[in-house]
Amino acid sequence: MTTEDENHQSIIRTSPRRLAKGMAILVIVMAVGAAIAVPNWTEMVKYPPLVTTIQTEEPSPAGVSEGEGLPAAEEEVTPVPVGAMQITILEGSAVQGNPDYEPDDAQVPLNTEVVWQNADTVPHTATAGTGPEDPNSGQIFDTGIINNGESSAPMELAGAAEGDEVAYYCQVHPYMTSSLTVTAAGAEGSAAAPAAGGGAEAAGATLTILEGSSVQGNPAYDPDPLTVTVGDVVEVSNQDTVPHTATSGSGPEDPETGSQFDTSIIDAGATAQIDTANLAAGDYPFYCSVHPYMLGNLKVS
């Protein structure tokens, strides 16, 4: 209803009846919403969307500036059991078309356990099978969800025999696919941590992966270039806080990538070796397969 004041201006007024009707409608809407939400609240919070689960960030460790170092979760990763193979789910692998596993299409000695480490920023799985439509999906192994910065439990290839090729994929991102080929027990060529050298010594040839090198634009290797003599064994020491590799080639698109040497994944604080005995004199560019912008050069004389 409307009335006019002394200046003949209209004033809109709400009657008590209309106000009561509006309040009644609001109460009914709230009651219906509560009737739906309350009984289902437990289920709603029990199964949040996988890739939107909130990850609580903790303050950076003392001496590490923001943007450097590992997320807090990565510092709690369970060590890889002795003798197990480690495969890294690469940072950025959730983006379709990006490299996803290191090593990809790996070889696994018979009866060797496999551990997947998630270096990406979102959850993943490693599930046996060609994809979600595979009727045998997950029968040989299934890691379940591996949160960012965490590692899976050691997985056995149940029922696999020498010569078998076991395909696997990520249930969260099914376009991430790879395979494991079962080789003879004790065979070389896996992604397991490099064994301590029992032959030639490094003879003073050491390549250091510098702390902070995973940040694009920072210095990556010291020295760079590294000059050695044919036959030297180069010790590659990862002083950074994240995994790296030293892989021959100019980058992932190089058709000869890894053909001269490849350390595979070197965990933070760990070392690996490059044997130059089979290299001819010359320059050998290399890069990190986890962070391809990290480039270096090995000069063999």
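Select Y168 first: at 1% relative accessibility, Y168 counts as buried, because the cut-off for buried is under 20%. Keep in mind that this is a predicted model.

Show both rings. Y101 and Y168 form an edge-to-face aromatic pair, 5.0 Å centre to centre, with 70 degrees between the planes. Now colour the strands. Y101 sits in β4 (residues 101–102) and Y168 in β8 (residues 165–169). The two residues are 67 apart, and the pair links distant parts of the chain.

Together with Y101 and Y168, they form one aromatic cluster. The structure holds six aromatic pairs.

Move on to Y221 and F286. Buried or exposed? Both Y221 and F286 are buried. The ring centres of Y221 and F286 lie 4.8 Å apart and the planes meet at 70 degrees, so this pair is edge-to-face. Here again distant parts of the chain are linked: Y221 belongs to strand β11, F286 to strand β16 (residues 282–287), and 65 residues separate them.

Which residue stands opposite Y221? Select I209. Strand β10 (residues 206–209) pairs with β11 in the antiparallel sense, over two bridges.

Finally, show the whole sheet. Four strands make an open sheet in the order β11-β10-β13-β15, with mixed pairing. Its edge strands are β11 (221–222) and β15 (271–275), each pairing on one side only.

Terms used
Residues numbered from 1 in each chain as written. Predicted model: local features only at pLDDT ≥ 70, side-chain atom pairs only at ≥ 80, totals over all residues. Heavy atoms only, no water. Pairing = 2+ DSSP bridges. Phe/Tyr/Trp six-rings, centres within 6.5 Å; stacked < 30°, edge-to-face > 60°. Buried < 20%, exposed > 50% of the residue type's maximum accessible area, 1.4 Å probe, protein only.
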